[in-house]
Amino acid sequence: MLSDVSQAQLARSIGVTFQQLQKYENAINRVSASMIYEIGKSLGVPVSRFFEGLPENGESGLAASPLPVDERIGFIASAEGRHLIERIIQLPPRVRARVSALIAAIGEELSFPK
């Protein structure tokens, strides 16, 4: 959106179908490093733009995610993760926000010993 390029235009310029680009965007399919490079080149942005906000190598602290990125990606790529995401996406936005809040509350409860 920031580059004022439609998904169809971007898909054509990087040599994939519109549907494949949507799968990348929705994290249904993984995006290879070479494809990230092609997307950046096509949009005229540096590859680092796609990683803004992530901790630098060796950094830790509050900005670090609670799970290693590989674990989160592994879960999303699993059948269970895909099934969960597909079901959540089908929910109306307001319900989806409430489900997210519920999961966060459960996580907080489990992280504090009683």
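Q: How many helices and strands does the secondary structure of the protein chain come to?

A: Helices (H or I, at least four residues) and strands (E, at least two) are DSSP runs numbered from the N terminus. In this predicted model, the protein chain has six helices and zero strands, following the pattern α-α-α-α-α-α along the sequence. Residues are numbered from 1 along each chain as its sequence is written. Local features need pLDDT of at least 70, side-chain atom pairs count only at pLDDT 80 or more, totals for chains, interfaces and linings use all residues, and side-chain values use heavy atoms, without hydrogens and water.

Q: What percentage of the residues of the protein chain count as buried?

A: Buried means under 20% relative accessible area, exposed over 50%, and partly exposed in between (1.4 Å probe, protein chains only). Of the 114 residues here, 11% count as buried.

Q: Which side chains meet in a salt bridge?

A: A salt bridge places a side-chain nitrogen of Lys or Arg within 4 Å of a carboxyl oxygen of Asp or Glu. The structure holds one, joining Glu38 and Lys41 at 3.7 Å, N to O. These two residues are separated by about one helical turn because they lie three residues apart in helix α3. Glu38 is partly exposed, at 28% relative accessibility, whereas Lys41 is exposed, at 53%.

Q: Where does Phe51 lie, and is Phe51 buried or partly exposed?

A: Phe51 belongs to the loop between α3 (33–43) and α4 (69–77). Its relative accessibility is 41%, so Phe51 counts as partly exposed.
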